[in-house]
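Hi,

Here is the structure I promised to pass along. Have a look at it first, and then read on for what turned up.

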There are 2 protein chains.
Amino acid sequence: MDNNSRTELDQLGEFGLIERLAAGVQKFQENTVKGIGDDAAVIDIGDQYLLMSTDMLIEGIHFDLSYTPLRHLGYKAIAVNASDIAAMNGIPQQVTVSVALSNRFSIEAIEELYEGINLACESYNIDLVGGDTTSSLSGLMISISIIGRVDKNKVVYRSNAQVNDIICVSGDLGGAFMGLQLLQREKSVYLANPEMQPELEGKDYIIQRQLKPEARLDVIHELNDLKVIPTSMIDISDGLASEILHICKSSNKGAVIFEDKLPIDGMAFNTALEFNLDPVTVTLNGGEDYELLFTIKPEDFEKIKNQPDIATIGYITEKSAGANIVLKSGNSATLKAQGWKHF
Amino acid sequence: MDNNSRTELDQLGEFGLIERLAAGVQKFQENTVKGIGDDAAVIDIGDQYLLMSTDMLIEGIHFDLSYTPLRHLGYKAIAVNASDIAAMNGIPQQVTVSVALSNRFSIEAIEELYEGINLACESYNIDLVGGDTTSSLSGLMISISIIGRVDKNKVVYRSNAQVNDIICVSGDLGGAFMGLQLLQREKSVYLANPEMQPELEGKDYIIQRQLKPEARLDVIHELNDLKVIPTSMIDISDGLASEILHICKSSNKGAVIFEDKLPIDGMAFNTALEFNLDPVTVTLNGGEDYELLFTIKPEDFEKIKNQPDIATIGYITEKSAGANIVLKSGNSATLKAQGWKHF
């Protein structure tokens, strides 16, 4: 290492760092179909593909235990990993969970975390097959690795969206982000005056979206029943805009989406207004809803158009057109990612 | 959670905690052959078994960057995971690497870490297929998950050792532990007087054993060539005594080993004496050599007796006899684990 050169992490950002590190990676195994660069790696196991993904959650970066029950944290840790397998059109089957924790945590606290982990495993039929537990000097860290399967002809990458494909989103957006804003506001209020009661009444849905999101495996089963294989797919962890740009970049295409088609959740919309936030910005950049963003061939539109839980929000264009949103005013704006930044 | 009850982590220890957490785990997937409780999980993928294992390495707990070059740390992180796959008689194929780091680290430092990771992947023919990079509030954390394969008739568990099976160890022991003692001594000397030069001359082997251990995949290939399938196997991460006790417990057996058969490394032996440490204690409890401990059927002894890299150190007994070591004096002592404790 040249001691004269020091590049700070935030100069590159997370995606830049991953790209730079991925450049040094070699391939030795014939059965590795797809390595770094999608929601999960794809490995040939004969009749099917094995999918493999991993995520790390760090206290103070990804979660705040002052308003996150450990049971919900455990559930979420499994759900967000299952979501990565769903994003490849696959079904998760086994998971390993590693936990590092300081002596601030009691056995009972860890058991609460694992109650949530086990509950999520039960919800999604996932087997917890291994892990590691160790101490940390400070705080709680959770690392999850998950494997799943997909039929070879059904695997969906980020990179295969075609011009005129229809852009779809499952469920609704913005709830998880507004839930987080609420929880953070109540934390500030509490810190300023511990006598104050939290004002979270009637906000259950968006708080649950933040604290206990679900992997949309039901959508994967639904698409399978409808005989629709998306041409590309990704889960919405960083925010809709960021994920659309990922699909555009991987597929070497552009996109148009329409403001009036965005499936913003009603409670998230109203709460955004209360917070003086633009609901469209919240919908585009909120993140953590773990809904699925996918593209389908135009001829599959008939199959999904009456599905209540799937919104069609735009279509894929040539790369040269860029990625844009058509606003209600009729004006167009360039899509920009302002997702979560962990550096 | 009952707020009145708080059990401290160190009351249970790591193995106790794992047992307690494992008790709450359910099984949903038919293809899960073996979950928690061995070096790797075993999953049926048709023609073969898939093996899956994971490990977390935390700065200040598992490594000290004041004497651990990042390149070596990266190498070691892969090697110790590959070793878990070897311990099932399998061959590792794909790995994911997650890294959390504070802004104390530059891009160049992370690239150095990944140089070591990539070098180990090249040594073992493993594909780096995914991971996660994120910031931490303090220090460096690395989480690795690895998958590999083994023929179904060749998978080796900890639990199948039989009475009279011969206990074998690959390579030599004690080096990694004495390497660590040396590095820690030199660190203390340096902290007391930064002008002092480190006295590590002639100690390359044991320092390398600590900083850059190897997974003994060569032994797995060797056993395969010799047509020997061990009856039980584990890798020596926590120390020989601890691992023998794991095999005894899992197999519901006892064991006898002989002091004069222990393959202590000569440099480790001499360095132990310099440090006023008992070389036998170092050999039994040192840990981190990542050699393989395995048992073979008595009739396979002829096949391995002339292998220079495999020592036969004792045999399996009935459970009621316990686990004992026969000392050079002729006396017997009960084997006790004093391995690394991370709580």
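How many helices and strands are there in chain A? Chain A has 10 helices and 13 strands. Do keep in mind while reading that this is a predicted model.

Let me start with the overall shape. The radius of gyration of chain A is 20 Å, and the globule rule gives 20 Å for 343 residues, so chain A is as compact as a globular protein of that length. Along its principal axes, the C-alpha trace of chain A spans about 55 × 55 × 55 Å. Of the 343 residues in chain A, 53% are buried. If you take the contacts in chain A with a separation of 6 or more, 84% of them are between residues 24 or more positions apart.

Next, the sheet. Chain A has an open sheet of 6 strands with mixed pairing, in the order S1-S2-S3-S6-S4-S5. S1 (32-34) and S5 of chain A are at the edges with a single partner strand each, so one side of each has no neighbour in the sheet. From one strand to the next, the twist averages 20°. Zooming in on one pair, S4(A) and S5(A) run parallel and are joined by 8 bridges. Val97(A) stands opposite Gly131(A), which is in S5(A). There is a helix here too: H3(A) packs on the sheet and touches S4 and S5 of chain A, with its direction at about 170° to that of S4(A).

Another strand worth a click is S8(A), residues 232-235. Are its faces covered or open? Both faces of S8(A) are covered: Ser232(A) and Ile234(A) on one side are buried, and so are Met233(A) and Asp235(A) on the other. Asp235(A) has Leu292(A) as its bridge partner in S10(A).

Now for how the two chains go together. The same surface serves both copies, with 100% of the contact residues of chain A recurring in chain B.

Which parts of chain A supply the contact? In total, 72 residues from chain A and 72 residues from chain B take part. On the chain A side, at least two residues each come from helices H1 (9-22) and H3 (107-124) and from strands S2 (41-44), S3 (48-58), S4 (91-101), S5 (127-135) and S6 (140-151). S5(A) gives the largest share of that side, 9 residues. By residue type, the side of chain A that touches chain B has 30 nonpolar, 31 polar and 11 charged residues.

One last stop, over in chain B: Thr312(B), which lies in strand S11, residues 310-317. Thr312(B) counts as partly exposed because it has 18 C-beta neighbours inside 10 Å, where 20 or more would be needed for a buried residue. Leaving out residues up to four places away in sequence, Thr312(B) touches Ile166(B), Ile167(B), Cys168(B) and Lys261(B). Gly148(B) is 164 residues from Thr312(B) in sequence, and their C-alpha atoms are 27 Å apart in space.

Over to you!

Definitions and conventions: Residues are numbered from 1 along each chain as its sequence is written. Chains are lettered from A and ligands numbered from 1 in the order in which they are written. This is a predicted model: local features need pLDDT of at least 70, side-chain atom pairs count only at pLDDT 80 or more; totals for chains, interfaces and linings use all residues. A residue is buried if 20 or more other C-beta atoms lie within 10 Å of its own, exposed if 12 or fewer, and partly exposed in between; C-beta atoms are placed from the backbone. Helices (H or I, at least four residues) and strands (E, at least two) are DSSP runs, numbered from the N terminus. Two strands pair if DSSP finds at least two bridges between them. Two residues are in contact if their C-beta atoms, placed from the backbone, lie within 7 Å. Ala, Val, Leu, Ile, Met, Phe, Trp, Tyr, Cys and Pro count as nonpolar, Asp, Glu, Lys and Arg as charged, and the others, Gly among them, as polar. The radius of gyration is taken over C-alpha atoms; the globule rule is 2.2 Å times the number of residues to the power 0.38. Axes are lines fitted to C-alpha atoms, for helices over the stretch in contact, and angles run from 0 to 180 degrees between N-to-C directions.
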